[in-house]
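Please look at the structure shown here and read its parts in order.

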Amino acid sequence: MENKNYYIHPFVRITFLLCAFTGSILCDNVLIVFAFYLTIIVPLFFLQNKIFTHLKFLLLGVVPIFLSFILLNIIVLQSKSGGWEYIFERVLRLTVYASIFQIVLTIPANDLFNTFKKWGLKGESLVTVISAFAVWSEITNRADKIVTARLSKGYVKRRNIFSMAMQFPYTLNPLIIGVIRTAVERADSWHNKNILNLIDNYIGTENKYNLILNTVIVIISISYLCVILFLVLTKYNFAL
Amino acid sequence: MNLNDKLIFLKGNNFSGRTSYFLNNLKNSNENDQSETTLIIKELPVNNITGIFSSVIEELNLHGSSTDMVLKDNIFEFLYQIGFDEHFAKNPFSLSGGEQTILVLVCNLLLQPKVLFIDTTIEQLNETWYRPFFDFINNCNTVFSKIIVADNRYKEYGIVELNEFEATKEKIEYDNNFELPKLLNDLTKNDNRQTISVKNLSFGYSKNNSIFKNINFDFEIGNIYHLKGKNGAGKSTLAKILTGVLKVPEQALFVNGKIYNSFKKPGSLCGYSFQNPDEQIFSETIENEVLPLIKNEQSEYTKRRNLYLEMFGLQNIKKKHPAEMPFVIRKRIALASTLAMERQWYIIDEPTLGQDNNFVCFFADLLHLLCHNGKGIILITHCKFLIQKLNCIEFVLKHENHGYK
């Protein structure tokens with residue numbers, strides 16, 4: 001559950017994204033980037049109560065990339081295009097860039113409308129973006145019901161990881177048909193309701209943002225960018 | 001109850017042409033600005049939810065963003081009266097069918113359409129909401145435009161003085177005559193009578209959220225149980241436990257006095273027919289859906305498939321894809337496939353959704369015969385007509401106090 005005390009203001013999100021991303025790209029010292037990740041990004045995930053989502057991303061996103069790098073660079077190319085140091089740097093940078101986007105786009109459900117509207121989206125693009133966020137819960141809900149139906153029909157004789165994984169192809173047919181049917185009917189309903197007009201008139205829910213937290217994030221983001229710019233412009237060689 | 005011409009109920013059985021008659025007339029009379037004046041709520045309420053917001057209150061506020069303030073206040077007052085406000089913070093997709101229906105209905109009313117056409121969706125409303133909804137429309141001071149309802153159940157709720165309109169019959173594409181074949185009696189006979197007993201069952205999805213606490217009951221075979229209870233009372237949870245989808249502690253579920261682990265053999269004791277047929281249709285042809293085609297089929301198996309196809313009026317369309325069929329037929333396919341599985345027990349959720357009285361009578365006879373032949377039925381339904389036709393034992397689920405009525 002999202003903690004309402006730690007909601008990040010839409011403009012703070014954008015500031016953080018611009019400063020943190022630009023700073024991390026400009027910084028040629030991977031240790032500073034890593035320190036930023038550990039001291040700022042990870043605590044932000046904790047504050048947003050999204051640390052498990054982030055760990056899932058590390059496990060399913062970063063670890064496979066890391067293993068692919070090892071396979072390609074160490075085993076196939078025999079370190080000709082870069083050794084372990086090169087791999088660690090690339091993977092670390094990718095992790096930090098992706099984590100910055102993850103923290104910025106991990107928006108609480110009831111703050112989605114406000115955030116995207118404040119980011120300047122309107123009309124069709126606003127509806128599309130918010131729907132893209134909402135659609136996942138609908139798909140998982142539907143997939144869960146389909147698996148339940150297969151279990152209750154006795155199509156899964158023995159329940160184990162392998163047999164449950166084998167259900168995946170069978171869920172696709174009803175899932176896709178259901179999604180297409182819903183999409184067609186919903187498009188019709190949106191058109192009849194003139195949803196774009198409704199969205200334009202909708203004010204949204206008023207959320208309160210923690211002033212201290214948001215100010216701290218802005219100060220840290222700008223400071224980080226300034227420090228990196230200083231290091232780059234003065235060609236300061238930072239070493240442990 | 002006096003209803004004026006703002007509310008019209010369309011008479012007619014399934015495939016009598018009432019919906020197409022209305023839509024064709026609407027198209028002809030209002031061709032130019034149909035989209036701005038008419039709203040149509042189709043059978044499945046979930047498809048009428050915008051899917052943009054993750055809370056009920058936001059969905060309501062979006063639809064009410066340009067609504068007349070008096071009407072908006074009236075509608076919210078109505079929602080508070082029926083106790084719907086407890087769902088405001090929930091995700092619309094997590095609501096039950098009846099709750100989604102009321103949400104979709106009021107959202108459409110908030111848009112103040114000139115014509116609102118409600119196509120059988122309203123059958124999912126329970127008795128505590130159905131009549132109050134129409135009373136609200138009738139008594140609301142703000143003038144609504146025309147509301148046209150195609151519903152098979154309205155007379156069950158005491159709506160008698162009304163403006164009925166009978167559509168002219170068109171060519172009926174699908175078989176809508178039902179009878180119980182004699183062969184059914186032989187094919188469904190069951191001497192292995194399995195009584196389900198639940199002893200001290202406690203269940204919750206998390207430590208802090210207990211749905212059942214030490215409940216005890218027996219379901220005797222040969223009976224039809226009408227499972228009742230508010231949303232969140234645990235109807236679906238109980239159905240999932242009995243079918244083996246959810247795991248419960250050992251020594252909680254017994255069959256004929258012996259411990260039964262349904263979780264290890266999902267779907268072997270009970271067949272479960274869902275409210276939304278689209279969630280349980282997997283095959284590419286109707287015949288394969290009713291009973292999967294297998295190699296070296298025995299004649300009994302083929303006979304059973306043909307019997308259920310014939311009985312549910314699906315024989316002539318058996319080679320077609322279920323997804324191409326209208327909702328009424330998809331619902332019948334789902335029911336036929338559940339019953340054709342030949343289980344000891346059947347849990348059937350809203351079997352009469354979208355079905356006319358012709359089908360309900362047939363279905364009641366079928367359930368009677370199955371029970372007579374040694375099956376057990378657990379029914380979740382709001383269809384009073386079906387309940388009247390069956391000799392049901394009511395089983396009411398409440399959060400803390402469960403028991404027979």
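The paragraphs below go from the interface to the cores and then to a pair of helices.

This is a predicted model, in which local features need pLDDT of at least 70, side-chain atom pairs count only at pLDDT 80 or more, and totals for chains, interfaces and linings use all residues. Residues are numbered from 1 along each chain as its sequence is written, and side-chain values use heavy atoms, with hydrogens and water left out.

Contact means heavy atoms within 4.5 Å. By that rule, 44 residues of chain A are in contact with 49 residues of chain B. The two chains bury about 4,100 Å² between them, 55% of it on carbon and sulfur atoms; buried area is the accessible area (1.4 Å probe) that two parts lose on being put together, summed over both. On the chain A side, A:Lys153, A:Arg159 and A:Lys193 supply 17% of the area that chain A buries against chain B, more than any other three residues.

A nonpolar core is a set of buried Ala, Val, Leu, Ile, Met, Phe, Trp, Tyr and Cys residues joined through side-chain atoms within 4.5 Å, where buried means under 20% relative accessible area (1.4 Å probe, protein chains only). The largest such core has 58 residues, and among those touching the most other members are B:Leu60 and B:Ile122. A second, separate core of 41 residues includes B:Ile329 and B:Phe385.

Helices are DSSP runs (H or I, at least four residues), numbered from the N terminus. In chain B, helix 11 (residues 327-339) meets helix 12 (residues 357-372) through B:Arg332, B:Leu335 and B:Leu339 on the helix 11 side. The residues of this contact comprise six nonpolar, no polar and one charged, with Leu and Phe among the types counted as nonpolar and Arg among the charged.

Methods. Chains lettered and ligands numbered in written order. Buried < 20%, exposed > 50% of the residue type's maximum accessible area, 1.4 Å probe, protein only. Axes fitted to C-alpha atoms, helices over the stretch in contact; angles between N-to-C directions. Helix = DSSP H or I, 4+ residues; strand = E, 2+ residues; numbered from the N terminus.
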